[in-house]
Amino acid sequence: MHIVVCIKQVPDSAQIRVHPVTNTIMRQGVPAIINPYDLFAIEAALALKDQLGGKVTVLTMGPPQAEAALKKALSYGCDDAVLVTDKLFAGSDTLATSYVLASAIRTLDQENPVDLVLTGKQTIDGDTAQVGPGIARRLKLELLTYVSRIVRVDPAARSIRVERRAEGGVQVLETRLPALITMLEGSNEIRFGSAPDLFRAARAQVRRWDRNAAGIEDITKVGLKGSPTIVSRVFVPSSRARKALQIGFDPANPEVATQALLDKLLAEFPKVKKELDNKRAAAGERHE
Amino acid sequence: MSEARTDKPIKKRKIKLNEELLAYKGVWVFIESERGHVHPVSWELMGQGRRLADQLEVELCGVVMGAPGPDLEAQCQAAFAYGAERCYRIASPVLAEYRNEPFTRALTDLVNAHKPEILLLGATTLGRDLAGSVATTLKTGLTADCTELAIDPEDRCLLSTRPTFGGSLLCTIVTLNYRPQMATVRHRVMPMPDPQPERTGLIVDFEAGLIETDIVTKVLEFIPDEQRDKPQLPYAEIIVAGGKGLGKAENFKHVWDLARVLGGEVGASRAAIHAGWISADRQVGQTGQTVRPVLYIAAGISGAIQHRVGMEGADCIIAINNDPGAPIFDFAHYAIVGDCKQVLPALGRTFAAYLAQQGR
């Protein structure tokens with residue numbers, strides 16, 4: 001089995017702050033991490049390797065410093081790491097990104113045929129969930145999104161069975177390899193890397209591919225030029241026209257404030273009053 | 001996305017559609033159904049679609065897909081009631097249950113045949129799976145999880161606004177010289193329009209030529225969720241939500257107590273979930289659930305954009321926070337600066353007293 005895991009290095013969004021005066025993103029000191037959703041894909045790939053043998057290649061597109069994310073992935077036990085990096089890729093949207101990654105996977109497939117591509121259900125910075133389906137369409141792989149469990153893989157029969165989170169239930173799907181799977185959160189827990197893997201990762205060479213090495217055939221399909229969407233404006237949402245009404249709170253007399261709040265609420269929000277009155281009527285009936 | 005100073009257009013865009021792209025006309029809404037049941041996000045989108053179509057002075061169309069039968073007919077009629085003038089219907093046994101491949105093929109072929117300028121889908125697991133595949137096949141732009149849709153009066157472009165940078169800012173995205181312009185919107189982000197059952201429209205059947213033996217992926221089984229114990233946040237009328245400002249896990253009990261008094265649901269911010277104070281199915285916000293209650297009480301929640309986009313559809317927001325500079329006070333209706341441990345129990349007593357009064 002040759003499994004390719006696509007990951008992305010993202011800023012730890014829990015730590016991003018917006019500068020209060022200039023309204024710019026303050027990224028200094030924000031740690032870069034592997035997109036947390038991708039960890040479920042890495043673990044699923046390693047579990048399949050434990051079971052069936054083979055090789056796990058981890059792949060990312062990004063700036064040179066994204067190498068750190070790949071080294072981290074190697075330390076978990078992935079065998080090979082490829083960083084696709086080129087100035088031309090800057091500004092790529094999801095369509096252009098899927099073109100670059102699909103080209104790189106095709107190149108990997110020529111080295112060693114790829115049976116399965118795994119990735120997280122989405123990233124925490126873009127939150128689009130579009131790149132996985134995009135790669136699958138471009139490579140004509142069977143697409144299985146929001147997979148909560150890989151039930152079994154039969155390399156001889158070239159078949160795979162999974163459980164997929166759907167609206168209102170779980171679909172059990174069976175399809176053919178090669179396939180692309182996006183993994184749902186909570187489907188497993190990433191392992192601690194073994195000591196040999198940690199040492200190996202520290203010394204390992206991450207392969208760096210530019211557009212030529214990655215097998216990009218058409219450079220008009222990457223970067224800003226290859227992106228149908230552009231960000232035309234970034235902004236902080238406006239405040240309400242009317243500032244929030246401040247209710248003074250005195251801890252010594254807490255119910256003065258809460259009673260004042262309730263009175264305002266009942267007077268100014270008839271829908272809230274109606275909802276509360278319905279609850280009151282329902283409670284009254286229960287007591288009778 | 002690049003580093004950008006906010007509140008300023010990043011670049012002047014040049015959109016000059018060629019003749020082929022100018023032929024793309026009309027606003028489409030994909031009507032999502034699973035086993036005959038239409039997902040309500042489809043009708044919320046229909047309400048938005050109506051507004052966009054009116055502004056563009058074009059037709060609003062629904063797209064229904066599924067196994068042949070009376071369900072599809074009923075879905076078309078419902079689409080007319082919610083504002084569509086026309087429905088494209090693709091009926092095939094291959095479409096009985098959702099699978100990526102046949103749905104992608106059918107929708108892609110329909111778009112290529114009838115050329116809409118805008119195509120909207122729900123940001124559900126089905127909608128995102130389908131939208132990503134269709135956009136890549138059509139090689140066009142797609143914007144996920146929009147919180148606002150508008151038309152630029154100058155160039156008739158769709159302006160899709162969504163949270164960015166992990167929900168700390170908003171951005172507006174446009175699709176350049178590609179059509180259709182595609183967007184997904186999450187459930188409960190847009191208001192549900194009132195249906196007008198007397199409205200009618202035109203049903204156009206489309207033959208997608210799907211053959212089961214061409215489709216590799218098979219559905220072996222569908223296991224429905226057990227609904228019993230799941231919190232029903234999206235439809236709750238009263239929600240009391242807690243955040244990191246509560247200080248520690250034990251203090252969440254004040255949130256539960258107030259919710260019990262009010263007969264409401266309990267919600268939480270992403271930070272409270274990450275701290276492990278409460279289960280993830282109660283998260284309100286961009287990566288959690290979107291809610292539209294009559295009353296939302298936010299206790300110890302700072303009000304980051306990723307939270308705000310999940311709850312600003314509430315009619316009335318009460319914010320309680322120790323920090324007078326918390327962003328939540330910028331969009332709450334009532335603000336109490338104070339310690340949640342003191343304010344929540346006092347609110348509980350006040351509401352309990354009101355609810356215990358005899359109705360007049």
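In β10(A), A:Ser159 is the bridge partner of A:Asp154. This is a predicted model, in which local features need pLDDT of at least 70, side-chain atom pairs count only at pLDDT 80 or more, and totals for chains, interfaces and linings use all residues. Residues are numbered from 1 along each chain as its sequence is written, while chains are lettered from A and ligands numbered from 1 in the order in which they are written.

Q: What makes β9(A) and strand β10 (residues 159-166) of chain A a pair?
A: Strands pair if DSSP finds at least two bridges between them. β9(A) and β10(A) have six bridges, in the antiparallel sense, so they count as paired. They form a hairpin with four residues between them, and A:Arg158 in the turn has a positive phi of about 60°.

Q: How do you know that strand β9 (residues 142-154) of chain A also pairs with strand β12 (residues 179-183) of chain A?
A: Four bridges join β9(A) and β12(A), here in the parallel sense. A:Glu142 stands opposite A:Ala179 in β12(A). Both names, strand and helix, come from DSSP runs numbered from the N terminus (strands are E, at least two residues; helices are H or I, at least four).

Q: Which strands pair across the two chains?
A: Strand β14 (residues 229-235) of chain A pairs with strand β11 (residues 169-175) of chain B, antiparallel, over six bridges. A:Thr229 stands opposite B:Thr175 in β11(B).

Q: What makes up the contact between the chains?
A: Chain A supplies 75 residues and chain B supplies 91 residues. Two residues are in contact if their C-beta atoms, placed from the backbone, lie within 7 Å. Helix α7 (residues 270-287) of chain A gives the most to the chain A side, with ten residues. That side divides into 36 nonpolar, 21 polar and 18 charged residues. Here Ala, Val, Leu, Ile, Met, Phe, Trp, Tyr, Cys and Pro count as nonpolar, Asp, Glu, Lys and Arg as charged, and the others, Gly among them, as polar.

Q: Why are residues such as A:Leu70 and A:Ala73 in helix α2 (residues 67-76) of chain A called buried?
A: A residue is buried if 20 or more other C-beta atoms lie within 10 Å of its own (exposed if 12 or fewer, partly exposed in between; C-beta atoms are placed from the backbone). A:Leu70 and A:Ala73 are among the buried residues of α2(A), so each has 20 or more such neighbours. Their cover includes β2 (9-11), α1 (36-52) and α5 (195-203) of chain A. After α2(A) comes A:Gly77, with a positive phi near 125°.

Q: Which residues touch the most other members of the largest nonpolar core?
A: A:Val5, A:Ala73 and A:Val100 do, in a core of 140 residues. A nonpolar core is a set of buried Ala, Val, Leu, Ile, Met, Phe, Trp, Tyr and Cys residues joined through C-beta atoms within 7 Å. A second, separate core of 54 residues includes B:Ile239 and B:Phe252.

Q: How confident is the predictor in chain B?
A: pLDDT is the predictor's confidence in each residue, from 0 to 100. Chain B has a mean pLDDT of 92, and 94% of its residues reach 70 or more. Over residues 1-5 of chain B, however, the pLDDT is below 50. Where pLDDT is low, the predicted coordinates should not be read in detail.
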